[in-house]
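Okay, thanks for coming, everyone.

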Amino acid sequence: MQKAIVVHYFNDKRNNLTELNQLLEGGWKVVSQSAMSGGESGGTVYSLVILEKN
């Protein structure tokens, strides 16, 4: 099974790294990662992460 999530990071308080870390702790593995353009994002960094779990 695969899952795609968009990881975003603005600063230590405005991000969803906890969600990614919980998935990794739950046995999901990173298959690929791609940077995404933020355009007028105001400094937020985005990354498409594809996860897989057997």
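This is a predicted model: local features need pLDDT of at least 70, side-chain atom pairs count only at pLDDT 80 or more; totals for chains, interfaces and linings use all residues.

Now the overall layout. We have 1 helix and 3 strands here, and if you read along the sequence the order is β-α-β-β. The protein has 54 residues, and 20% of them count as buried. If you put a box around the C-alpha atoms along the principal axes, you get roughly 35 × 20 × 10 Å. The protein exposes about 4000 Å², with carbon and sulfur atoms supplying 51% of that. One more number on the fold: take the contacts between residues at least 6 apart in sequence, and 55% of those join residues at least 24 apart.

Okay, the inside. Which residues make up the largest nonpolar core? There are 7 of them: Ile5, Val7, Leu20, Leu23, Trp28, Val49 and Leu51. Three elements, namely β1 (2-9), α1 (17-25) and β3 (45-52), each put at least two residues into that core. Setting aside its neighbours within four places in sequence, isoleucine 5 is in contact with Glu19, Leu20, Leu23, Ser47, Leu48, Val49 and Leu51.

Serine 47 turned up in that list, so let's go there next. Serine 47 is in strand β3, and this serine is buried because its relative accessible area is 13%, with under 20% being the limit. Beyond the residues up to four places away in sequence, serine 47 touches Ile5, Val6, Val7, Gln33, Ser34, Ala35 and Met36.

Next stop is the loop between β1 and α1, which is where you find asparagine 11. Asparagine 11 is partly exposed, at 28% relative accessible area. Which backbone nitrogens lie 2.8 Å from a polar atom of the asparagine 11 side chain? One belongs to lysine 13, and another belongs to arginine 14. Across the chain, asparagine 11 and glycine 43 are 32 residues apart, and their C-alpha atoms are separated by 9.1 Å.

While we're looking at arginine 14: this residue lies over the face of phenylalanine 10, at 4.5 Å from the ring centre. As for ring against ring, the count comes to 0 aromatic pairs.

Last part, the two ends. Methionine 1 comes in the segment before β1, and methionine 1 is exposed, with a relative accessible area of 69%. What is methionine 1 in contact with, leaving aside its neighbours within four places in sequence? Trp28, Leu51, Glu52 and Lys53. Trp28, remember, is one of the core residues.

Glutamine 2 is in strand β1. With neighbours within four places in sequence set aside, glutamine 2 is in contact with Trp28, Val31, Ile50, Leu51 and Glu52. With Glu52 there is also a polar contact, side chain to side chain, at 3.2 Å. Glutamine 2 and valine 30 are 28 residues apart in sequence, and C-alpha to C-alpha they are 9.7 Å apart in space.

And at the other end, asparagine 54 is in the segment after β3. Is asparagine 54 buried or exposed? Exposed, because the relative accessibility is 92% and the line for exposed is over 50%. The C-alpha atoms of asparagine 54 and tryptophan 28 are separated by 8.2 Å, and these two residues are 26 residues apart along the chain.

Okay, that's my tour. Who wants to go next?

Methods. Residues are numbered from 1 along each chain as its sequence is written. Side-chain values use heavy atoms; hydrogens and water are left out. A nonpolar core is a set of buried Ala, Val, Leu, Ile, Met, Phe, Trp, Tyr and Cys residues joined through side-chain atoms within 4.5 Å. Buried means under 20% relative accessible area, exposed over 50%, partly exposed in between (1.4 Å probe, protein chains only). Helices (H or I, at least four residues) and strands (E, at least two) are DSSP runs, numbered from the N terminus. Contact means heavy atoms within 4.5 Å. Rings of Phe, Tyr and Trp (its six-membered ring) pair if their centres lie within 6.5 Å; planes under 30 degrees apart count as stacked, over 60 as edge-to-face and the rest as tilted. A charge sits over a ring if NZ of Lys or CZ of Arg is within 6 Å of the ring centre and within 35 degrees of the ring normal. Accessible areas come from the Shrake-Rupley method with a 1.4 Å probe; for residues, only the protein chains shown count as cover. A polar contact is a pair of N or O atoms within 3.5 Å; within protein, one must be able to donate a hydrogen and the other to accept it, and residues adjacent in sequence count only if both atoms are side-chain atoms.
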